[in-house]
Amino acid sequence: MFIASIVSEALLYSCFSVLLGSFILNLVPKSVRPEIKIPKMVLLSAALGIAIFSFLPVLSIVLYLYEDLGLGYTLKSVLTNFEVGKTWISTGIISLILFIYLIPIKLEQKRLFSLTGLAFTLILIATLGLSSHAASLSKLAGFLTHTTHFLAVTTWVGILLVVSWFSQNHDNWLKFLNWFSPVAFLCLLTTTITGISLMTFHMELSTYVSVTAISYGQTLLIKHIAILPLLTFAFINSFLIRKRLKADTSYNPLPWAKLESIIVLVVFSITGALGQVSPPHELSSMIRAEGASKLFSFFHPGEINFPINFSPGIVSIILFLIAILFLVLVIVTFIKKAPKALALIMSVLFIVSGYIGFMLSLS
């Protein structure tokens, strides 16, 4: 169930991103973007996918309780009495309405079609925010922070996914970058600010290093490390691609945009895993009750002494330098026109070496 939940969360984020990106790009004039053709089945699958993949948290609770109460009664009870169940009913209904709405229309025919679809998607994002863990801790602040964070991520990623996988050509790519790069930067800035704010709902920022002793902290650390290759690809696709296109207008930037979208899906998967582990509200008591994370114990067996300190040694510093080298090699891969698979390999090696370097820095 753990793996299924991770996959479903990643697919849920992808469904939101595809819908949001599709509606936004169809509102943008054709003169400042490539020609885009999104298969109707992709849009319908994304709309239906939101209803299906957002049901997994409900299913998890039902499977946990049904042996004592019976399947039918448990399902009814969760849907009517649990906040996650009541929220899913709203999500399911709105998703179904959006699914039916998308069947007869063609987004490219009228801007109103995309505006209406965008409105439905924003309502779904707000509904998701209402059921977030942050909202359960602080109703208004948690809802606004989570919703803004999710909207910023899916806007940036949605445009990237749609334009990289459904563009028919790379015409007007420089004009596309002229407006998308600032939008992506604004989304990144918003994501960073709201992401830090969301962390404060679960932990004190000063305890970040100590939190790596539990699964939540380990997953959070890996996610943060994985974001750095994503930013490197964003740098390539925003600045270096622009320079190459100015020198050679026939250059096709789509393969590198697709590589960035693959890294995005990796980060989505890690985010899905983060949602499946308990946040560290009471770190010491969690350690006593559950023990340290297996990953943490692999590097630091034995008793844990709090607070855990970050103090890099020679080996850690060397690993960090190697990690930076791998990121540089991602850029070199682009500059030297080396096989693009090398960029992905370098990204994975960066994550591994950066993670090991961090873990060996703890004491």
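**A guided look at the predicted model**

Modeller: Let's start with contacts, meaning heavy atoms within 4.5 Å. Of the contacts in the protein chain with a separation of 6 or more, 78% are between residues 24 or more positions apart.

Biologist: What should I know before reading on?

Modeller: This is a predicted model, where local features need pLDDT of at least 70, side-chain atom pairs count only at pLDDT 80 or more, and totals for chains, interfaces and linings use all residues. Residues are numbered from 1 along each chain as its sequence is written, and side-chain values use heavy atoms, leaving out hydrogens and water.

Biologist: Thanks! How many helices and strands does the protein chain have?

Modeller: Helices (H or I, at least four residues) and strands (E, at least two) are DSSP runs, numbered from the N terminus. The protein chain has 16 helices and zero strands. Its radius of gyration is 22 Å, close to the 21 Å given by the globule rule for 363 residues, so the chain is as compact as a globular protein of that length. That radius is taken over C-alpha atoms, and the rule is 2.2 Å times the number of residues to the power 0.38. Along the principal axes, the C-alpha atoms fill a box of roughly 60 × 60 × 30 Å.

Biologist: And what share of the residues of the protein chain count as buried?

Modeller: Buried means under 20% relative accessible area, exposed over 50%, and partly exposed in between (1.4 Å probe, protein chains only). Here 50% of the 363 residues count as buried. The accessible surface of the protein chain comes to about 17,700 Å², and 70% of that belongs to carbon and sulfur atoms; such areas come from the Shrake-Rupley method with a 1.4 Å probe, and for residues only the protein chains shown count as cover.

Biologist: How do I read two helices that pack together?

Modeller: Two packed helices are described by the angle between their axes and the distance between the axes. Take helix 4 (residues 71-81) and helix 5 (residues 83-102): their axes come within 5 Å and cross at roughly 80°. That makes helix 4 roughly perpendicular to helix 5. Axes are lines fitted to C-alpha atoms, for helices over the stretch in contact, with angles from 0 to 180 degrees between N-to-C directions; under 35 degrees counts as roughly parallel, over 145 as roughly antiparallel, 65 to 115 as roughly perpendicular and the rest as oblique.

Biologist: Which residues of helix 4 and helix 5 make the contact?

Modeller: Helix 4 brings Val78, Leu79, Thr80 and Asn81, while helix 5 brings Glu83, Gly85, Lys86, Trp88 and Ile89. By class, this contact has four nonpolar, three polar and two charged residues. Nonpolar covers Ala, Val, Leu, Ile, Met, Phe, Trp, Tyr, Cys and Pro, charged covers Asp, Glu, Lys and Arg, and the others, Gly among them, are polar.

Biologist: Which residues of helix 4 are buried?

Modeller: They are Thr74, Ser77, Val78 and Leu79. These buried residues pack against helix 3 (56-69) and helix 5.

Biologist: Is Ile38 buried or exposed?

Modeller: Ile38 is buried, with a relative accessible area of 16%, and lies in the loop between helix 1 (2-27) and helix 2 (40-53). Not counting residues up to four places away in sequence, Ile38 touches Ser22, Asn26, Leu43, Val162 and Phe166.

Biologist: Which residues is Tyr101 in contact with, leaving aside its neighbours within four places?

Modeller: Tyr101, found in helix 5, is in contact with Leu112, Phe113, Thr116, Gly117 and Phe120.
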